[in-house]
Amino acid sequence: MAGRFAPRPTRTTVRGGEVAVPAAAAGLPRQAAAPARVRRWVPDGPLDLGLVLGPLRRGTGDPTFRAAPDGSVWRTARTPAGPGTLRVRRYDGEVAGEAWGPGADWMLEQLPGLLGAADEPDAFVPRHRVVALARHRRPGLRLTRTGLVLESLIPSVLEQKVTVDEAYRAWRLLVRRFGEPAPGPAGTGERPMWVMPSARTWALIPSWEWHRAGVDDKRASTILRSVRVAARLEQAVGMPPEEARARLEVVPGIGPWTSAETVQRSHGAADAVTVGDLHLPGIVGWVLAGNRDADDAEMLRLLEVYAGQRHRAARLILLSGHAPARRAPKMRRVDIGLL
């Protein structure tokens with residue numbers, strides 16, 4: 001984040017994918033015990049690890065993501081080569097990646113894309129003062145591309161029609177109960193990290209475990225239908241974002257909201273604006289036109305000037321921290337696991 005008077009993170013900016021990553025200490029980072037693989041990469045411009053990787057975190061207790069006090073970001077993934085753990089840290093103008101597990105080579109190969117190497121932030125032209133200011137304050141914002149579909153699709157399905165607290169809790173419980181310990185040092189200690197379950201494991205989760213995690217039958221059924229065609233969905237990584245979304249939406253229960261939330265992460269889709277969201281249209285309408293009652297149609301009309309970059313524009317609007325004051329109670333949390 002640039003600027004002496006940059007605003008502190010708010011609920012709105014956190015929703016825009018901002019994760020507080022402590023500044024790295026000067027000099028070389030302390031190496032973790034016996035890293036299996038190491039790669040160094042020099043970005044071609046400003047890079048903020050918290051902003052780039054923030055959208056991959058599902059709540060502060062996400063067992064697959066961690067921002068460490070030493071300025072590094074840890075993440076686990078189930079890659080085509082198997083489970084892996086990645087530690088990323090920036091220092092002295094370059095990025096160092098360390099990886100463990102069967103998926104280590106794959107994760108390091110994908111490291112530049114994960115950190116936005118394929119993104120084109122300079123193609124974005126701000127048309128509103130608030131958007132321009134948000135961009136100026138966060139020059140290190142790039143759109144991540146994970147190259148993995150299921151790891152973004154499943155938590156997005158869990159977030160359908162419920163509060164984020166409910167969705168994050170379900171993700172934590174299911175990953176810790178049915179996932180596997182992260183390879184390398186992240187899988188040990190007082191707060192071990194976990195790798196999300198395989199497609200087959202998701203398919204074998206008993207109905208009562210979904211219930212205990214607070215996941216209703218509709219969302220659980222959508223996930224079960226998705227993992228049965230996991231290979232076909234993962235192939236969508238090689239498609240343009242719109243074609244990938246069309247493939248995802250063939251699965252009953254996956255609509256425009258879920259497909260957009262998925263390809264934003266798996267493809268780094270700069271134009272995949274989220275429609276069907278409860279709050280986003282009102283925030284965009286308020287910031288760009290003073291209209292807190294804007295619907296999806298009005299939001300898309302306002303974002304027309306950012307065609308090709310509408311998702312980036314929406315993220316910058318969220319990161320600006322501007323939002324209409326709440327005038328209704330928060331959405332009620334219902335834990336079906338207690339029923």
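What you have open is a predicted model, in which local features need pLDDT of at least 70 and side-chain atom pairs count only at pLDDT 80 or more, while totals for chains, interfaces and linings use all residues. Residues are numbered from 1 along each chain as its sequence is written, and side-chain values use heavy atoms, with hydrogens and water left out.

Next, switch to a cartoon view, where the chain shows 16 helices and 7 strands; these are DSSP runs numbered from the N terminus, with at least four residues (H or I) for a helix and at least two (E) for a strand. Contact means heavy atoms within 4.5 Å, and among the chain's contacts between residues at least 6 apart in sequence, 69% join residues at least 24 apart.

Now select the sheet, in which 5 strands lie in the order β1-β5-β4-β3-β2, forming an open sheet with antiparallel pairing; two strands count as paired if DSSP finds at least two bridges between them. Its edges are β1 (37–41) and β2 (65–67), each of which pairs on one side only. Zoom in on β2 and you will find 3 bridges to the antiparallel strand β3, residues 73–79, with Arg66 having Trp74 of β3 as its bridge partner.

Move on to the loop between β4 (82–91) and β5 (94–100), and select Asp92, which is placed there. Most residues other than glycine have a negative phi, but the phi of Asp92 is positive, near 50 degrees. Asp92 is also exposed, with a relative accessible area of 63%.

For a second residue of this kind, go to the loop between α6 (150–158) and α7 (164–178), where Lys161 lies. Lys161 is not a glycine, yet its phi is positive at about 60 degrees, and its relative accessibility of 76% makes it count as exposed.

Finish at helix α1 (residues 11–15) by selecting Thr13, which is buried, with a relative accessible area of 1%. Which residues is Thr13 in contact with, once its neighbours within four places in sequence are left aside? They are Glu18, Arg138, Leu318, Leu319, Ser320 and Gly321.

How values were computed. Buried means under 20% relative accessible area, exposed over 50%, partly exposed in between (1.4 Å probe, protein chains only).
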